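Hi,

Here is the structure I said I would pass on. Have a look through it first, and then read my notes below.

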Amino acid sequence: AFLLTCSTLLLLGFGNGVVFQLVSTRFRHVIGTASGLIGAAGAFGGFLVPTWFGILKDLTGTFASGFWVLSCAAAIAGLSVVFVQRSIRLSVQRPV
């Protein structure tokens, strides 16, 4: 369990670094604004997620409901990324 926890935390750190690396390449002229918005979204989520977990724990008596909601939100976010990437690929004309 300890090795799994350490591996997960390590991978989450890599994911955070990737987000800010993409910001610098995608939004070159507004890096400060984009980084600020991403940081604010992370702080907002860091405040809301524990609160929602507590509310769901009080309502259902278990933390499992919070993890279900979190996993559904992650699945929806992942699917939205896939759809946005596909729409961008279809809208960009590639030279033949």
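A word on naming before anything else: helices here are DSSP runs of H or I with at least four residues, and they are numbered from the N terminus. Phe14, for instance, lies in helix α1. Do keep in mind that this is a predicted model.

Let me stay with Phe14 for a moment. Is its side of the story buried or exposed? Phe14 has a relative accessible area of 53%, and exposed means over 50%, so Phe14 counts as exposed. Together with Leu10 and Leu11, Phe14 makes a nonpolar surface patch of about 340 Å².

Now for the pocket. The largest pocket has a volume of about 230 Å³. Which helices supply at least two residues each to its lining? Those are α1, running over 2–26, and α3, running over 64–91. The largest share of that lining is from α1, with 5 residues. If you want to colour the lining in your viewer, pick Val19, Leu22, Val23, Thr25, Arg26, Phe27, Ile38, Gln85 and Ile88. Sorted by class, the lining of the largest pocket comes out as 6 nonpolar, 2 polar and 1 charged residues.

Then there is the stretch around the end of α3. Ser91 is found in helix α3, while Val92 lies in the segment after α3. How do these two come out on accessibility? Ser91 has 54% relative accessibility, and the cut-off for exposed is over 50%, so Ser91 counts as exposed. Val92 has 46%, which falls between the 20% and 50% limits, so Val92 counts as partly exposed.

I also have a couple of C-alpha to C-alpha distances for you. Ser91 and His29 are 62 residues apart in sequence, and in space they are 23 Å apart. For Val92 and Phe2, which sit 90 residues apart along the chain, the C-alpha atoms are separated by 45 Å.

That's what I have for now.

Cheers

How values were computed. Residues numbered from 1 in each chain as written. Predicted model: local features only at pLDDT ≥ 70, side-chain atom pairs only at ≥ 80, totals over all residues. Heavy atoms only, no water. 1 Å grid on protein atoms, 1.4 Å probe; cavity = no way out; pocket = protein on both sides within 12 Å on 5 of 7 lines; lining within 4 Å. Points joined across faces, edges and corners; volume = space filled by probe spheres on them. Nonpolar A, V, L, I, M, F, W, Y, C, P; charged D, E, K, R; others polar. Patch = residues over 30% accessible without salt bridge, like charges linked within 9 Å, V, L, I, M, F, W, Y side chains within 5 Å. Areas by Shrake-Rupley, 256 points an atom, 1.4 Å probe, with all protein chains shown as cover. Salt bridge = Lys/Arg side-chain N within 4 Å of Asp/Glu carboxyl O. Buried < 20%, exposed > 50% of the residue type's maximum accessible area, 1.4 Å probe, protein only.
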